[in-house]
Amino acid sequence: LENLSKNSYNLTLMYDQGPLSARVAYSWRSRSLQAVNVNGTNGSDALDASGGYTQGWALPTWAGAYGQVDGSISYKVTDKFTIGLEGQNLFSAVYKQQMQQHIGMMGREWDYTGPRYTAMLSYSY
C-alpha cells in the first residue's frame, strides 16, 4: 500500500519534575512505496549518448527508511509564565527518495532540512 511502512518505531524519554520539563523522542520507519508512474517517472523518449533511453516507464518511487530525533525543554518561571526551546531533526537526518529500476534501487532525491529550533514564551491568564 502506498505510504505504508512495514515497520515503524517510536521511543520517547520524558522528565517532568517541578518547574522543569524535558522530552527526547526518536521516530523511525522503514521504506514505503510512494507511487507508481508519477513525479517525472512516467517515461521519456530522450536518448543518452549511447542511443539508449534515459528514463524507464512507470517506475515506482520509494521513500527510504528514515529516522529522526526531536527534543524539547521548558522551564516554568512562575505559575503563569513558561519559557522553552524545541528542536526537530537534531542529528540532521537526510530523507532519501529512490526509484525501483530493473538494475535495483537508484537514488532519485535527497532532502536535507537540517535541524530546526523554536523558542517559546508562554503566558496563561
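In which loop is serine 30 found? In this predicted model, where local features need pLDDT of at least 70, side-chain atom pairs count only at pLDDT 80 or more, and totals for chains, interfaces and linings use all residues, serine 30 lies in the loop between strand 2 (20-29) and strand 3 (32-36). Residues are numbered from 1 along each chain as its sequence is written, and side-chain values use heavy atoms, with hydrogens and water left out.

The chain comprises zero helices and nine strands, strands being DSSP runs of E of at least two residues and helices runs of H or I of at least four, numbered from the N terminus. Of its 125 residues, 23% count as buried (under 20% relative accessible area with a 1.4 Å probe, protein chains only; exposed is over 50%, partly exposed in between). Residues 24 or more positions apart account for 56% of the contacts with a separation of 6 or more, a contact being heavy atoms within 4.5 Å.

Serine 30 counts as buried because its relative accessibility is 11%. The serine 30 side chain reaches the backbone nitrogen of lysine 6 at 3.3 Å. Beyond neighbours within four places in sequence, serine 30 is in contact with Ser5, Lys6, Asn7 and Ala65.

Leucine 121, in strand 9, is exposed, with a relative accessible area of 66%. The accessible surface of the chain comes to about 8,900 Å², of which 56% belongs to carbon and sulfur atoms; areas come from the Shrake-Rupley method with a 1.4 Å probe, and for residues only the protein chains shown count as cover.

Technical notes
A polar contact is a pair of N or O atoms within 3.5 Å; within protein, one must be able to donate a hydrogen and the other to accept it, and residues adjacent in sequence count only if both atoms are side-chain atoms.
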